[in-house]
Amino acid sequence: MAIHWDAATREWHLASGALSYALRVGEGGALLGLYAGAPIAAGRSYAHLGPRPFAGFDNRLGEPVRLEVPTPGSGDYRIPALVAEQADGATVLDLRYVGHAILAGKPALDGLPSTYAETDAEAETLEITLRDEHSGVEVVARYSIFAGRPVIARSMTVRNAGRNPVRLVTAMSATLDLPGSAFDLVTLGGTWARERHVVSRPLVPGRQGVASNRGESSHEQNPFLVLAGPGATETTGEAWGFSLVYSGNFLAEAEVEPFGTTRVRLGINPETFGWPLAPGQAFTTPEAVIAWSGEGLGGLTDAYHGLYRDRLARGTWRDRPRPVLLNNWEATYFDFGAPRIVEIARSARDLGVELFVLDDGWFGRRDSDHTSLGDWVVDRRKLPDGLGALAAQVEALGLGFGLWIEPEMVSRQSDLFAAHPDWTVGIPGRPLTEGRQQLILDMSRPEVVDHLFAVLADVLRSAPISYIKWDYNRHMTEPHSSALPPDRQGEFAHRHVLGTYELYRRLTEAFPDILFESCASGGGRFDPGLLAFAPQAWTSDNTDAVERVLIQWGSSLAYPQSSMGNHVSAVPNHQTGRITPLSFRGKVAFFGTFGYELDPGSLTDAERAEVAEQVAFYTEQRDVFQFGRFLRLRSPFEGDRNEAAWMVASPEADRAVVGAYRFLSRPMPTVNRLRLRGLDPARTYRVSLWPSGDDPLAAANVGLRGGDELMAAGLDLTLTKQQTQASHDFRAWIFVLEAT
Ligand code: GLA
């Protein structure tokens, strides 16, 4: 890995070993892209790949085909990276090269989560300074590469080095110009309980993309997009990934212009952003992580999983096995007392569960979602001896004790709202719109962050708490801070997110042994920003196993399974009313961090025995389920959408677990072979089915098989007509492969 600079040609070549990124200073001083993609040799000039006179592009900086920091009004009419309104009201900038620095390692971004290097040898960073003489606006374009990883982390700092005020209207984290437009745009979309479904469509001329203006990254769109090249599959073809390390309003879009190039940009959503910079002030964007793959979407997944699991997530829990938990939410909702909780925890313990999580309802007078958010004081009506005593009882059973909190929210009926109505997000003189009967605290105010830290630290000190579920249960309306003057309201949405990050930072640093799981009505903030603080997230409130196959599949494009909270819940499912077998629910939830959302006391003896077997199997295979390489095999978004399959494999490929799912039973089955991936072709694997016992697929698959055969010919999932007739809906198979 190295960043090369050639002073004679004024070219840089960022070579990570798995990706090359070349750029240069143009004749007019503009920063121009030359190449991005598969590794190419260092030590050569690639200037000839760069702009040649071409009718479609022409601007005051000259040679503008691939611009690294495009700005408006100069003849480049594509989507800009930076729009800065100057004292004269104009937004034209002539950003010209001033200098650069090549740094070992990777600097942190002030106040923002970002990927990191543990040693200077792991990463290298290029910071290029550009300046517009007319206004004094200076830009530092930042590029980090990581040894052996096909990724480049980008961010930008804009400094007002002039004498007059400047207002940032758009400040993207990255843009990338690609010489072509034959791509499918793949995004992860949906809504509450239907998060991160894969949405794919061919790029067309013009702008297209996804965004959030809900105050959070959102259930509806994820700050992630893929450009998949012609014919790209899970394993073949070129693909680009664009991921934003951010939890607030974002924009991720692509523009195809008439001459067949594509520009991608991603960053803070300009629609809800405006940032004044007085002389001397600077603004740093969140980080964007761009990944390149020559091996299809699977290659992108490997790149993001590795980087986000190992160098975005941090803290003591990053690499530690995550406990199997049981959460009482769907078992009790708000209706519980200490004896009931202890009873649930005891029966969970008997099944092998390791951590009990007390969800919403333990504080204030929280008998429904109409009240008490903000009052983080234990409700003695429900828990007369307090949290400490309850946690001690749960610990005495041999379980860890976890707790639910929702720091950034306040109920109108609460002591906090009565004391500090101005701490609430809203516009004075206008009605406050409630969402789930609650209001949002103004996290842009440092005193709100200070208060929350103080009261929550008290809670965390009051009991032996080893896990926190940090929720955020509504979208933002009336975005406005009564602490900011009118001309600075454009800062609010971003400052709110920065306040959340600050609270997360303080609490995770003060309580390093607590495992934090983020949540936002399920997956409303399932993004890389929060992953930097909380190494796992509640994937979705929808625990229906059929729905979860879709949600987990989509999430896996960018997010490692160690970040996905997957739990088995009771049936009929509380979100869909569907009844699926317990075995199917377990076999879906295994592929992530695992647990239960049910009352074990309501299970039959046979079901309890089955749960105990599930927990035992999961804990036996936990390392590969949580930290193994995740490989998607059969998409639930393709074909007749009735099947899915994926697998996890150990880093040495000596162990793997395959999950294969069939939703509805259909008559007259077809021949069905499932090719595996990620095995060692030279090794022999002992293939078994879990649980062992009578299974129609055992005869064809159980035994010794070559890794080559399993990848070339695959497992045999074919059922006979009779076997199909004897089967039922919602069938899943788990195959365990162990190298001999
Ligand atoms: C959100 C979460 C749920 C549960 C409830 C509690 O909806 O996603 O898991 O914690 O809040 O109110």
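A residue is called buried here when its relative accessible area is under 20%, exposed when that area is over 50%, and partly exposed in between. The structure is a predicted model, and the values below are computed from it.

Pro600 sits in the loop that runs between strand S30 (593–597) and helix H11 (605–620). Leaving aside residues up to four places away in sequence, Pro600 touches Leu326, Ile344, Ser347, Ala348, Leu351 and Arg608. One of these, Ala348, is 252 residues away along the chain, yet the C-alpha atoms of Pro600 and Ala348 are separated by 6.2 Å.

Asp599 makes a salt bridge with Arg340, with the closest N and O atoms 3.0 Å apart. Asp599 belongs to the loop between S30 and H11 and Arg340 to helix H3 (residues 338–350), so this pair ties together parts that are 259 residues apart in sequence. Asp599 has a relative accessible area of 12% and is therefore buried. Arg340, at 26% relative accessibility, is partly exposed.

**Salt bridges**

The count of salt bridges comes to 47. Among them is the one between Lys106 and Glu287, whose side chains meet at 2.6 Å, N to O. Lys106 is in the loop between strand S6 (96–104) and strand S7 (123–131), while Glu287 is in strand S20 (residues 287–293), so the bridge ties together parts that are 181 residues apart in sequence. Lys106 counts as buried because its relative accessibility is 13%. Glu287 counts as buried as well, at 2% relative accessibility.

Another salt bridge joins the side chains of Glu220 and Arg214. Glu220 is buried at 14% relative accessibility, and Arg214 is partly exposed, with a relative accessible area of 29%.

| Glu287 | Lys106 | 2.6 Å |

Which charged residue is buried yet has no salt bridge? Glu195 is in this position, and the nearest side chain of opposite charge, Arg196, is 5.1 Å away. Glu195 is placed in the loop between strand S11 (184–189) and strand S12 (197–202). A polar atom of the Glu195 side chain lies 3.5 Å from the backbone nitrogen of Ala193. Beyond residues up to four places away in sequence, the contacts of Glu195 are Gly189, His219, Ser521, Gly522, Gly523, Thr539, Ser540, Asp541 and Ile551.

**The ligand**

Around the ligand there are 13 residues, of which Asp359, Asp360, Arg436, Lys469 and Asp541 come nearest. Asp541 is also one of the residues that Glu195 touches. An N or O atom in the side chain of Asp359 is 2.6 Å from an oxygen atom of the ligand. For Asp471, a polar side-chain atom lies 2.9 Å from a ligand oxygen, and for Trp538 the corresponding distance is 3.5 Å. On its own the ligand has 300 Å² of accessible area, and the protein covers 96% of it.

Arg436 has a phi near 45 degrees, which is a positive value in a residue other than glycine. Arg436 is found in the loop between helix H5 (415–419) and strand S25 (439–440). At 29% relative accessibility, Arg436 counts as partly exposed.

**Other backbone features**

Phe730 likewise has a positive phi, of about 55 degrees, although it is not a glycine. Phe730 is in the loop between helix H15 (721–726) and strand S38 (731–739). Its relative accessible area is 12%, so Phe730 is buried.

Where are cis peptide bonds found? The bond from Val571 to Pro572 is cis, with omega near -5 degrees. A cis bond also joins Trp690 and Pro691, where omega is about -10 degrees. Pro572 is in the loop between strand S29 (564–569) and H10, and Pro691 is in the loop between strand S35 (684–690) and helix H13 (698–701).

Helix H10 (residues 582–589) is mostly covered, with seven of its eight residues buried. The buried residues in H10 are Leu582, Phe584, Arg585, Gly586, Lys587, Val588 and Ala589.

Conventions
Residues numbered from 1 in each chain as written. Predicted model: local features only at pLDDT ≥ 70, side-chain atom pairs only at ≥ 80, totals over all residues. Heavy atoms only, no water. Helix = DSSP H or I, 4+ residues; strand = E, 2+ residues; numbered from the N terminus. Contact = heavy atoms within 4.5 Å. Buried < 20%, exposed > 50% of the residue type's maximum accessible area, 1.4 Å probe, protein only. Lys, Arg positive; Asp, Glu negative; His and termini not counted. Salt bridge = Lys/Arg side-chain N within 4 Å of Asp/Glu carboxyl O. Polar contact = N/O pair within 3.5 Å; in protein donor to acceptor, adjacent residues only side chain to side chain. Near = heavy atom within 4 Å. Areas by Shrake-Rupley, 256 points an atom, 1.4 Å probe, with all protein chains shown as cover.
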